[in-house]
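Please look over the model below with its helices in mind. The report that follows takes up helix packing, then single residues.

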Amino acid sequence: MSKELTILEENILILLAGKQLYGLQIIDAFQEATKGKKKIGFGSLYPTLHKLEKKGYIKSKWGEETPEERGGARRKYYTLSGLGEAALTRANKIRTNLEAWVPA
């Protein structure tokens, strides 16, 4: 399995850096951060979260609240793992190198 990040995976890792978020928070944060110009739908978010977790880049855990407190739904919270932090550092370094590149 490739360890390369897609743009969506990278964006999700950026959102999770230093935070613990559940799915709807990720969707809302992405839309708010892009001032509504970009959106993540449920159909792409959750498969991407599962891929990131399978790659070891994020960890998840169920929230402490009971289903009754949440109106029947439980929240699953996602955090960046050490491997995810390293992947994000590599992606940022590549981005910095691309920005600094000058033709010979």
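## Helix H2 against helix H3

H2 passes H3 in a right-handed crossing. A crossing is left-handed if the near helix is turned anticlockwise from the far one by less than a right angle, and right-handed if clockwise. Helix H2 covers residues 23-33, and its axis comes within 11 Å of that of H3, crossing at roughly 120°. H2 and H3 are therefore oblique to each other. Angles under 35 degrees count as roughly parallel, over 145 as roughly antiparallel, 65 to 115 as roughly perpendicular and the rest as oblique. Axes are lines fitted to C-alpha atoms, for helices over the stretch in contact, with angles from 0 to 180 degrees between N-to-C directions.

From H2, Gly23, Leu24, Ile26 and Ile27 meet Phe42, Leu45, Tyr46 and Leu49 of H3. By class, this contact of H2 with H3 has seven nonpolar, one polar and no charged residues. Ala, Val, Leu, Ile, Met, Phe, Trp, Tyr, Cys and Pro count as nonpolar, Asp, Glu, Lys and Arg as charged, and the others, Gly among them, as polar. Contact means heavy atoms within 4.5 Å.

## Basis of the model

The model is predicted: local features need pLDDT of at least 70, side-chain atom pairs count only at pLDDT 80 or more, and totals for chains, interfaces and linings use all residues. Residues are numbered from 1 along each chain as its sequence is written, and side-chain values use heavy atoms, with hydrogens and water left out. Helices (H or I, at least four residues) and strands (E, at least two) are DSSP runs, numbered from the N terminus.

## The two sides of H2

Gly23, Ile26, Ile27 and Phe30 are buried in H2. They cover an arc of only 100° around the axis, which puts them on the same side of H2. The arc is that of the directions from the helix axis to the C-beta atoms. An α-helix has 3.6 residues a turn, so residues three or four places apart point the same way.

The buried residues of H2 pack against H1, strand S1 (21-22), H3 and strand S3 (76-80). On the other side of H2, Glu32 and Ala33 are exposed. Buried means under 20% relative accessible area, exposed over 50%, partly exposed in between (1.4 Å probe, protein chains only).

Lysine 35 lies in the loop between H2 and H3. Its phi is positive, about 55°, although lysine 35 is not a glycine. Most residues other than glycine have a negative phi. At 72% relative accessibility, lysine 35 counts as exposed.

## Helix H1 against helix H4

Helix H1 (residues 7-16) packs with helix H4 (residues 82-100) at an angle of about 115°, their axes 10 Å apart. That makes H1 roughly perpendicular to H4. H1 passes H4 in a left-handed crossing.

Glu10, Leu13 and Ile14 of H1 meet Gly84, Ala87, Leu88, Ala91 and Arg95 of H4. The residues of this contact divide into five nonpolar, one polar and two charged.

Asparagine 11 sits in helix H1. At 23% relative accessibility, asparagine 11 counts as partly exposed. Its C-alpha atom is separated by 8.2 Å from that of phenylalanine 30, 19 residues apart along the chain.

Where is threonine 48 found? Threonine 48 is in helix H3, residues 42-55. Threonine 48 is buried, with a relative accessible area of 9%. Leu8, Glu9 and Ile12 touch threonine 48, not counting residues up to four places away in sequence.
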